[in-house]
Amino acid sequence: MSIPSGENPSFVLNSIKSVAFEDRPIPSLKSPTDVLIRIGITGICGSDVHYWQHGSIGPFILKAPMVLGHESAGTIVQCGSAVSSLKVGDRVALEPGIPCRGCKFCKAGTYNLCTDMKFAATPPYDGSLAKFYVLPEDFCVKLPDNVSLEEGALVEPLSVGVHVCKLANVTAGDKVAVFGAGPVGLLAAATARAFGAAEVVVVDISEQRLKFAGEYAATGTYDARKGDARANADGIKEQFGWTFGADKVIEASGAEPSIQTAVFVLRAGGTMVQAGMGRDVVAFPIVEAAAKELVVKGSFRYAAGDYELAVKLVAEGKVDVMKLVTGRYDFKDAEKAFEETKSGKGIKVLIRGPE
Ligand SMILES: [Zn+2]
Ligand SMILES: [Zn+2]
């Protein structure tokens with residue numbers, strides 16, 4: 001596959017397992033408050049790989065060719081006539097979903113719940129793995145000088161970590177258990193530390209991922225291959241001396257046994273936030289959840305203020321996102337980058353360009 005020599009080379013998913021480079025027209029500004037961004041770096045997300053391999057996620061089904069990618073950072077090359085907060089040359093992280101702005105969810109700041117969301121690389125909307133992309137100025141977060149474009153691209157998954165930690169109300173001194181040591185779990189663990197959690201225990205079934213988590217943000221790790229859900233919850237409490245259990249749990253694996261362990265390991269009155277997406281329906285220990293008066297919350301992407309806080313955490317050195325980068329590819333090798341992400345060997349793979 002070679003890159004077309006045209007003006008806006010884009011990496012397009014045509015149908016399941018079929019990707020191609022395509023020259024698309026440079027998108028035009030749709031509103032006076034839009035900006036045109038030259039994409040510098042794009043990270044690959046599990047959802048990109050899922051669309052590539054399966055063509056759908058839940059109700060979102062690929063019916064026409066779609067540009068992939070939604071974790072991007074770039075440089076402003078054109079501003080609409082009414083743009084006031086950005087100028088040409090500014091480097092920005094792209095928040096890749098535009099809500100309707102008018103519904104009750106949007107008005108409440110929970111625009112991630114908007115039913116009229118246009119989200120990059122979620123069918124039918126094109127993603128940002130292209131040379132140019134258009135966004136309204138208020139969905140671009142300016143990067144301070146000490147934040148690189150690579151860090152800017154990683155702001156997207158970090159915002160998910162910020163959102164779940166806010167929903168879980170992670171606060172100073174908390175004992176937090178994070179299930180799943182993929183990018184979201186790791187970034188949630190790092191955010192929990194930044195929010196002041198005293199202990200953050202990461203639980204997974206991969207020795208390699210646990211080792212990484214231990215060197216990254218976890219204060220402790222637990223290998224869940226040891227036992228069933230109840231035994232693992234007891235094992236975590238015992239290993240870390242958590243007599244009453246965890247104050248907060250972030251479930252970022254989506255695996256049924258982890259969800260059950262999460263309920264068993266929480267202290268009475270504790271909070272669990274579900275961030276992982278696995279099977280549609282699981283067996284849930286509802287009596288235990290009721291008897292302990294647990295707070296159980298869902299979570300979806302990120303909402304008002306999350307992107308800004310994620311940029312701040314990176315700029316202030318409170319979360320190191322660069323340690324997660326395990327692969328870098330040029331745009332022309334985008335398919336290889338997808339293959340590497342699919343293999344599950346690394347953690348985060350970034351694509352440079354197109355030049
Ligand atoms: Zn993502
Ligand atoms: Zn809305």
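I began with a definition: contact means heavy atoms within 4.5 Å. I then applied it to Phe264. Leaving aside neighbours within four places in sequence, Phe264 is in contact with Ala229, Arg230, Ala233, Lys237, Pro285, Glu288 and Lys292.

**Ground rules.** I noted that this is a predicted model, in which local features need pLDDT of at least 70, side-chain atom pairs count only at pLDDT 80 or more, and totals for chains, interfaces and linings use all residues. Residues are numbered from 1 along each chain as its sequence is written, chains are lettered from A and ligands numbered from 1 in the order in which they are written, and side-chain values use heavy atoms, with hydrogens and water left out.

**Phe264, continued.** I found Phe264 in helix H7 (residues 256-265). Helices (H or I, at least four residues) and strands (E, at least two) are DSSP runs, numbered from the N terminus. Is Phe264 buried or exposed? Its relative accessibility is 12%, so Phe264 counts as buried. The cut-offs are under 20% relative accessible area for buried, over 50% for exposed, and partly exposed in between (1.4 Å probe, protein chains only). I also looked up a distance: the C-alpha atoms of Phe264 and Thr341 are separated by 32 Å. These two residues are 77 apart along the chain.

**Thr271.** I moved on to strand E17 (residues 266-274), which holds Thr271. Thr271 is buried, at a relative accessible area of 10%. Residues up to four places away in sequence not counted, Thr271 touches Leu167, Ala168, Asp247, Lys248, Val249, Leu266 and Val295.

**Zinc ion (ligand 1).** Which residues coordinate the zinc ion (ligand 1)? I listed Cys45 (SG), His70 (NE2), Glu71 (OE) and Glu156 (OE), at 2.2 to 2.7 Å. Donors are N, O and S atoms within 2.8 Å of the metal (3.2 Å for Na, K and Ca); water is not among the atoms, so sites may look incomplete. Angles among the 4 donor atoms run from 77 to 159°, and the site is irregular. Four donors count as tetrahedral if all angles lie between 85 and 135 degrees; four count as square planar and six as octahedral if opposite donors are over 155 degrees apart and all others between 65 and 115; anything else is irregular. Along the chain the donors of the zinc ion (ligand 1) follow the spacing C-x24-H-E-x84-E. Cys45 lies in the loop between strand E3 (34-43) and helix H1 (46-54), and Glu156 in helix H3 (residues 149-167), so the pair ties together parts that are 111 residues apart in sequence. Cys45 is buried at 17% relative accessible area. Glu156 is buried at 4%.

**Zinc ion (ligand 2).** Here I found Cys100 (SG), Cys103 (SG), Cys106 (SG) and Cys114 (SG) as donors, at 2.3 to 2.4 Å. The angles span 104 to 117°, and the site is tetrahedral. The donor residues are spaced C-x2-C-x2-C-x7-C in sequence. Cys100 is partly exposed, with a relative accessible area of 33%.

**Helix H1.** I checked which residues are buried in H1 and wrote down Asp48, Val49, Tyr51, Trp52 and Gln53. Gln53 has 14% relative accessibility. With neighbours within four places in sequence left aside, Gln53 is in contact with Ile16, Lys17 and Lys342. Gly55 follows H1, with a positive phi near 80°.

**Domains.** The chain is divided into domain 1 (9-142 + 321-352) and domain 2 (161-298). These bounds come from an automatic or database domain assignment. The C-alpha centres of the two domains lie 29 Å apart. I found 9 residues of domain 1 in contact with 9 residues of domain 2.

**Salt bridges.** A salt bridge is a side-chain nitrogen of Lys or Arg within 4 Å of a carboxyl oxygen of Asp or Glu. How many does the structure hold? It holds 22 salt bridges. Between domain 1 and domain 2 the count is 0. One of the pairs is Lys87 and Asp90, at 3.0 Å from N to O. Lys87 is exposed at 51% relative accessible area, whereas Asp90 is buried at 6%. Lys211 and Glu215 also form a salt bridge, at 3.3 Å. They are 4 residues apart in helix H5, which means about one helical turn between them.
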